[in-house]
Amino acid sequence: MNLEYFHLIDRIVQLDLAERKITVEANVPQHSTIFEGHFPGYPLMPGVLLIETMAQTSGWLQIALMKFERMPFLAAVKEAKMRSFITPGEALTVEAGIEHEGSGFTVTNAKILSGGKLACNATLTFRHVPFPNTELRGHMEVMAERIGFPQQARADV
Amino acid sequence: MFTHKFKGLMMTSTFDRVATIIAETCDIPRDTITPESHAIDDLGIDSLDFLDIAFAIDKAFGIKLPLEKWTQEVNDGKATTEQYFVLSNLSARIDELVAAKGA
């Protein structure tokens with residue numbers, strides 16, 4: 001993770017298009033300016049960033065299912081639960097699956113595990129649209145490369 | 001007896017099911033929702049809330065409301081919002097989608 005740049009996913013571990021599921025690794029950094037304020041003397045991963053982590057995990061699954069042609073944007077968060085504190089240095093496993101694929105929107109269920117134990121979960125709704133510009137698509141391609149997005153899940157290869 | 005009850009369930013109209021979904025999803029009093037209600041203009045449902053309704057309708061009827069196609073048609077001036085978002089019309093569209101699925 002690089003919290004300052006909203007890079008919350010480190011590596012795709014498994015992407016199963018048939019089962020519509022994804023598993024990623026996300027390692028909480030030891031140091032971040034975020035922890036200077038949240039909280040002094042008691043650093044914790046903010047809940048909103050844990051939700052964002054689940055959203056990004058869900059997002060990569062959707063991008064794969066939509067063959068890298070459309071970009072999902074988080075639209076609604078439901079039943080988000082922060083079940084335990086997440087602290088600097090923790091190695092997280094994030095899983096997401098598709099609850100529903102609608103027309104122009106997707107609902108996912110996602111969860112974060114730390115040490116094999118459920119730490120957070122949420123139901124997330126996304127709207128998706130064709131990539132609005134080449135700059136964003138280019139950025140997502142760089143990110144895809146960085147986190148090990150499988151080449152076979154790309155439409156143009 | 002059972003048959004009669006089952007028949008009663010089957011005869012619950014598409015509109016009634018849609019109205020119940022809208023009432024529960026958007027916290028709108030059920031008795032204010034009529035077949036003539038326009039989901040956007042009369043009930044004040046915005047596009048994000050409509051995603052929740054679409055999700056519930058898709059699941060309840062086993063269909064996929066073609067929201068993107070409808071939106072495109074309205075934006076292109078080929079259709080009016082009334083054709084899709086007045087509830088009697090929405091219910092008719094749902095019946096068509098259910099029938100098409102079974103065909």
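Three salt bridges are counted between chain A and chain B, a salt bridge being a side-chain nitrogen of Lys or Arg within 4 Å of a carboxyl oxygen of Asp or Glu. In one salt bridge, the side chains of B:E68 and A:R70 meet at 2.4 Å, N to O.

This is a predicted model, in which local features need pLDDT of at least 70, side-chain atom pairs count only at pLDDT 80 or more, and totals for chains, interfaces and linings use all residues. Side-chain values use heavy atoms, without hydrogens and water.

The table gives the totals for the interface. Contact means heavy atoms within 4.5 Å; buried area is the accessible area (1.4 Å probe) that two parts lose on being put together, summed over both.

| Item | Value |
|---|---|
| Residues of chain A in contact with chain B | 15 residues |
| Residues of chain B in contact with chain A | 13 residues |
| Area buried between chain A and chain B | about 1100 Å² |
| Share of that area on carbon and sulfur atoms | 55% |

On the chain A side, A:S103, A:F105 and A:R127 lose the most area to chain B, together 44% of what that side buries.

Within chain B, helices α3 (residues 47-61) and α6 (residues 87-102) have axes that come within 11 Å and cross at roughly 40 degrees. Therefore α3(B) is oblique to α6(B). In α3(B), B:F50, B:I57 and B:F61 meet B:L90, B:I94, B:V98 and B:K101 of α6(B). The residues of this contact are six nonpolar, no polar and one charged.

Helices are DSSP runs (H or I, at least four residues), numbered from the N terminus. Axes are lines fitted to C-alpha atoms, for helices over the stretch in contact, and angles run from 0 to 180 degrees between N-to-C directions. Angles under 35 degrees count as roughly parallel, over 145 as roughly antiparallel, 65 to 115 as roughly perpendicular and the rest as oblique. Ala, Val, Leu, Ile, Met, Phe, Trp, Tyr, Cys and Pro count as nonpolar, Asp, Glu, Lys and Arg as charged, and the others, Gly among them, as polar.

Technical notes: Residues numbered from 1 in each chain as written. Chains lettered and ligands numbered in written order. Helix = DSSP H or I, 4+ residues; strand = E, 2+ residues; numbered from the N terminus.
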